[in-house]
Amino acid sequence: MLLPFQRGPFRGRTSVSLTLISRFVEEYRSSTPNKLKVIDAYLLYILLTGVFQFLYCVLVGTFPFNSFLSGFIACVGSFILAVCLRIQINPQNKRDFLTVSPERAFADFLFAHTVLHLVVVNFVG
Amino acid sequence: MAHLCLFSLLVLSMVLETQALTPTHHLTTTDVARLQAVLSQPFTDLKSAYYSVVGLSKLGILVADADETCQFIKSNLDPSSVESLFYAAEASQALSGCEIPVSNDTRDLLLATVSEDSTASQIHQSVSALSSLGLPLASQEVVSALKARISKEDNVLTIILALQTASRLSQQAELGDILEEIEDLAARLDDLSGVYLQFEEGLETTALFVSAAYALSDHVDMEPPLKEDQVIQLVNSIFSKKSWDSLSEAFSVASAAESLSNNRFHVPVIVSAQGPAAISHSQPFLRLQVTDVLCQPLSSASVLVESASTSSSKSAILSQAPFTLRDEVFELNFMASQPASGYYQFSVAIAGDSRFVANHVELKVKVSTRVAINNMDLSVVDKDQSTGPKTTRVEYPTKAKAPFMADSHQNFAMAFQLVDETTGVELTPHQTFVRLHNQKTGQEVVFVAEPDSKNLYKFELDTTERKTEFDSISGTYALYLMMGDATLENPILWNVADVVLKFLDEEAPSTIQAKTLYTPKPEIQHLFREPEKKPPTVVSNAFTALVLSPFLLLLILWVKLGANISNFTLSPSTFLFHIGHAAMLGLMYVYWTHLNMFQTMKYLAIIGSLTFLAGNRMLAQKAVKRLEGK
């Protein structure tokens with residue numbers, strides 16, 4: 001494998017990054033367990049929802065600003081909590097979370113979401 | 001430093017002493033008539049008969065039907081009561097030819113009452129009755145009884161009765177101690193703001209004190225220890241009330257008035273001007289009434305003007321001029337000294353009797369005059385002074401024949417002189433106004449005419465300068481001269497001329513608006529906060545769909561990944577958990593639409609705890625299953 005600063009046959013930046021991405025995707029498909037993939041799909045959904053809300057705000061205007069904020073914070077909060085759940089469930093991280101079982105992680109996830117929902121609904125107006 | 005203080009205090013006290021008080025309240029002839037009417041009311045019993053008869057005698061009035069009154073007294077007399085005997089004796093003494101029959105028992109009763117054990121009132125009544133009935137009495141016994149009484153009861157009324165009693169005793173008796181009580185009693189009087197001097201017990205007590213003190217002082221021929229200012233203050237207190245609540249109060253005022261007019265030492269003098277103190281050519285005499293407190297004129301007095309000076313300059317016009325007595329009124333022809341119009345300060349002294357108190361009076365006298373207007377010249381002057389002014393002379397009270405024209409290039413001017421009609425001295429009255437009245441619109445503008453250094457009045461109207469006052473309305477204005485002063489007998493309102501004013505027409509308002517202050521003002525429309533502009537509904541709906549679209553993506557991905565619910569354990573806790581969780585989400589929606597935070601927390605607590613317990617159970621089961629499966 002050629003080191004980055006050695007002059008080698010011309011590859012171009014884009015092709016380097018393309019191989020990087022394809023390798024990453026391949027690794028992801030093969031080695032991640034299904035449960036984590038489910039959570040990853042959920043994360044993508046949350047992300048898109050947040051992006052679309054932000055897009056609306058930028059394009060059309062911040063008219064009910066409190067509604068925008070509560071929606072956006074809901075997305076951000078949910079994303080963070082889902083990431084926490086993913087980390088805690090991942091069997092590869094078992095050594096870091098000896099006291100926390102996956103069930104316990106899920107219970108925490110639910111409880112935190114309840115609090116988040118309470119705040120969001122209060123603020124949405 | 002101490003010497004300086006002492007010296008200034010001495011000077012101050014001397015200055016204060018020279019300014020004597022004069023009575024501010026006194027009885028007028030109507031008040032005396034009213035007092036007489038109160039005392040003349042028909043009497044119902046012996047006590048009211050006593051008050052009426054003796055009171056009227058103090059005012060110098062004899063009762064009309066003496067015989068009838070005498071009969072009344074005799075029939076109402078109760079010989080066994082000291083009080084009844086006192087009233088009868090005193091009343092009969094005031095009536096001429098009325099004799100009360102006296103028996104030995106009566107005499108013994110009266111003599112027995114004179115002792116230390118009787119009250120001061122009883123001693124007074126018995127001594128007065130004995131004295132009026134002409135019966136002998138032992139003065140020294142009375143004196144000792146009185147002294148014992150005073151030492152037992154130290155109140156004001158007791159001492160006053162003691163003074164009255166002592167005045168009926170023989171002059172050989174030792175009345176010195178009782179005489180000293182006058183001074184002690186005078187010290188107990190309350191001084192109210194330097195004007196009034198009275199006992200806190202009231203008017204009647206003060207009046208009785210005055211009559212008792214002077215009665216005793218006259219009896220022993222020793223001047224009472226009352227200063228002149230105190231006497232005047234007592235006069236103010238006693239004669240400030242002009243209607244009396246009871247017969248006894250009226251009686252006490254009548255006896256006080258009598259003692260203040262007739263005693264040997266102090267006679268307060270009341271000086272008042274007859275009518276307003278104003279003099280003019282038609283009324284050149286200043287008339288003064290000089291009376292005692294009962295409104296009886298003091299004909300023996302001689303009234304003198306010590307000095308008469310103008311209020312402003314203090315230079316004396318008159319000095320030591322006597323008043324002449326005519327029909328019980330003192331008069332002085334002040335106009336003979338030819339005073340200029342204005343206010344004068346008179347200092348009048350009343351002499352003739354050493355008993356007179358408050359016999360220096362300060363009076364303010366007004367001298368009025370008639371005013372004449374001389375040399376009224378009206379002219380229209382060109383501003384650039386290209387042509388000479390056209391002057392028209394107008395004589396009061398005629399009006400100028402032709403109207404004067406003044407437009408924006410000209411000024412209208414007026415000059416005149418105000419003089420005293422008789423002396424020809426120039427006058428400057430307080431009010432000299434020039435009024436221009438537009439007869440068509442009713443508008444009027446008033447200016448002040450001011451005198452220059454030579455006392456010549458000038459008024460100039462610059463049409464351009466003053467156009468705001470006129471609202472630039474052209475037209476014919478009637479010109480009036482208004483003049484008035486307190487010392488003028490003939491105030492003047494004179495329509496001098498008509499003035500036609502022409503203003504530049506562009507500035508004139510089209511309609512003449514009456515300057516009304518009290519019409520309703522224009523209504524203020526409140527502007528509510530505009531709601532913010534919302535984007536069109538299409539855009540909102542489109543974006544809502546866009547935001548919800550990732551959910552579809554999620555479902556698709558999950559299906560692709562093979563997410564399923566095959567691990568669903570059919571146990572009650574699972575069901576309960578899921579139902580509880582769904583309920584919590586439902587509660588969130590309801591919170592958004594209907595509830596507030598407190599209600600939500602309440603429901604959440606209930607549902608949440610159920611869900612928690614169920615979920616805990618479920619997850620524990622799952623964990624056990626997972627560990628078993630490993």
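This is a predicted model: local features need pLDDT of at least 70, side-chain atom pairs count only at pLDDT 80 or more; totals for chains, interfaces and linings use all residues.
Modeller: Local features need pLDDT of at least 70 and side-chain atom pairs pLDDT 80 or more, while totals for chains, interfaces and linings use all residues. Residues are numbered from 1 along each chain as written, chains are lettered from A and ligands numbered from 1 in written order, and side-chain values use heavy atoms, without hydrogens and water.

Biologist: How many disulfides does a search of the whole structure find, over all chains?

Modeller: The criterion is a pair of cysteine sulfur atoms within 2.5 Å. Cys70(B) and Cys98(B) meet it, with sulfur atoms 1.8 Å apart. Over all chains, the search finds one.

Biologist: How many residues apart in sequence are the parts that Cys70(B) and Cys98(B) tie together?

Modeller: Helices here are DSSP runs (H or I, at least four residues), numbered from the N terminus. Cys70(B) lies in helix H4 (residues 66-76) of chain B, and Cys98(B) in the loop between helix H5 (82-94) and helix H6 (104-113), so the parts tied together are apart by 28 residues.

Biologist: Is Cys70(B) buried or exposed?

Modeller: Buried means under 20% relative accessible area, exposed over 50%, partly exposed in between (1.4 Å probe, protein chains only). Cys70(B) has 6%, so the call is buried.

Terms used
Helices (H or I, at least four residues) and strands (E, at least two) are DSSP runs, numbered from the N terminus.
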